[in-house]
Amino acid sequence: MSDASIQASIIHEDEASFGDYFALLKPRVMSLVVFTALVGLLAAPVTVHPVIGFCAILFIAIGGGASGALNMWWDADIDAVMKRTKTRPIPAGKVEAGEAMSLGLALSGMSVIMLALATNLMAGAFLAFTIFFYVVVYTMWLKRATPQNIVIGGAAGAFPPVIGWIAATGTMSVEPWLMFALTFMWTPPHFWALALFMRKDYDDAGVPMLTVTHGRRTTRVHILVYTILLSVLAVGTSFSGIGGPIYLAVALVLNALFLHGAWKIWRRDEDDSEGDNFKVERSFFKLSLLYLFLHFGAILTEALLKPFGLGGW
């Protein structure tokens, strides 16, 4: 094989694939955005035309993906250091940082405009604010400035059900903000559990997570306190317009498990944690993923049963 052929082969191998560009959109995070926005849309007390509903969820998903691309563009230096993120497209050399920025900006503008046209201006404005909050307020400012980064920044991930509700109704009410609060309060214990067993990554990257600035002992206390507050909120939501007996049953079981997990984390010492590779913390983190999905699944079930006189109280 000639030198030119070898060089062409190397260049070809380094070219970004569709999968690399799709990875910029953080598909796992996008799936959560899509699901919670869909629940917000379907839980609203109005009937939405299927085409309009599909377009709304599609453009909300694209907006969430755009936020992910802009986050990866800005955080490329951090991602290259952390074991969990070093294989992402930019630090892996698959996609140029400038390409990620351009993709993120283009998708942001398109998603906001198209959502406003497909549904209403308020929904488009809320999507624009959500993208701004995640990229500018959280990624560019809070993430590297304060250990409360994930607490305040968690609002960005909590907005999708509100946007879905507004896309359906064009108005606001208490119910979507309860869904917002559920996600907002869930975010800190979810990410702090991750930070407990990934502390070295955050140390190496210089990200001031609570585990880095205040230590694991303080983080464990914070997880317990937030989980207690979250449980009160989650169970209390059962008696709102989006709740019902099915949601109450799900909330009681899940929050009992979540509280038990937080208590187990709180009572641990560092020798125990290091010895078993943070088994309890990893288990709590996995449970937290199921926790939010099942709560929103229960809200969706209540909404789908209401037309048959079965959902709600």
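Trainee: Let's start with aspartate 79: does it count as buried or exposed?

Mentor: Keep in mind that this is a predicted model. Aspartate 79 comes out buried, because its relative accessibility is 2%.

Trainee: Which residue does aspartate 79 form a salt bridge with?

Mentor: Arginine 88, and the closest N and O atoms of that pair are 3.2 Å apart.

Trainee: How many salt bridges turn up in the whole structure?

Mentor: A search finds eight. One of them joins the side chains of aspartate 77 and arginine 144, at 2.9 Å from N to O. Aspartate 77 sits in helix α5 (residues 76–81) and arginine 144 in helix α7 (residues 121–145), so this pair ties together parts that are 67 residues apart in sequence.

Trainee: How accessible is aspartate 77, and what about arginine 144?

Mentor: Aspartate 77 is partly exposed, with a relative accessible area of 43%. Arginine 144 is partly exposed too, at 33%.

Trainee: Which residues are linked with them in a network of salt bridges?

Mentor: The network links Asp75, Asp77, Lys143 and Arg144.

Trainee: What about lysine 200, which residue does it form a salt bridge with?

Mentor: That would be aspartate 204, with the closest N and O atoms 2.9 Å apart. Both residues lie in helix α11 (residues 199–205), four residues apart, which is about one turn of the helix. Lysine 200 counts as exposed because its relative accessibility is 60%, while aspartate 204 is partly exposed at 43%.

Trainee: Switching to glutamate 302. Where is it, and what is the nearest side chain of opposite charge?

Mentor: Glutamate 302 is in helix α16 (residues 279–305). It's buried yet has no salt bridge, and the nearest oppositely charged side chain, lysine 306, is 6.7 Å away.

Trainee: Then which backbone nitrogens does the glutamate 302 side chain reach?

Mentor: One is the backbone nitrogen of tyrosine 247, at 2.9 Å. Another is that of glycine 312, at 2.8 Å. Leaving out residues up to four places away in sequence, glutamate 302 touches Ile242, Gly243, Gly244, Pro245, Ile246, Tyr247, Gly311 and Gly312.

Trainee: Okay, on to the nonpolar side. Which residues touch the most other members of the largest nonpolar core?

Mentor: Leu115, Trp192 and Tyr202, out of 93 residues in that core. Helix α10 (residues 174–197) gives the largest share of the core, with twelve residues.

Trainee: And what does tryptophan 192 touch?

Mentor: Beyond residues up to four places away in sequence, its contacts include Ile150, Val151, Met209 and Leu210, along with Thr219, His222, Ile223 and Tyr226. Of these, Thr219, Ile223 and Tyr226 are among the buried residues of α13.

Trainee: How far does α13 reach from its first C-alpha to its last?

Mentor: Helix α13 (residues 215–236) has 22 residues and reaches 32 Å, close to the 32 Å expected at 1.5 Å a residue.

Trainee: Last one, phenylalanine 159. Where does it sit, and why does it count as buried?

Mentor: Phenylalanine 159 is in the loop between α8 (149–158) and α9 (160–169). It counts as buried because its relative accessibility is 7%, and the cut-off for buried is under 20%. Not counting residues up to four places away in sequence, phenylalanine 159 touches Phe126, Phe129, Thr130, Trp177 and Phe180.

Methods. Residues numbered from 1 in each chain as written. Predicted model: local features only at pLDDT ≥ 70, side-chain atom pairs only at ≥ 80, totals over all residues. Heavy atoms only, no water. Helix = DSSP H or I, 4+ residues; strand = E, 2+ residues; numbered from the N terminus. Buried < 20%, exposed > 50% of the residue type's maximum accessible area, 1.4 Å probe, protein only. Lys, Arg positive; Asp, Glu negative; His and termini not counted. Salt bridge = Lys/Arg side-chain N within 4 Å of Asp/Glu carboxyl O. Polar contact = N/O pair within 3.5 Å; in protein donor to acceptor, adjacent residues only side chain to side chain. Contact = heavy atoms within 4.5 Å. Core = buried A, V, L, I, M, F, W, Y, C linked by side-chain atoms within 4.5 Å. Expected span 1.5 Å × (residues − 1).
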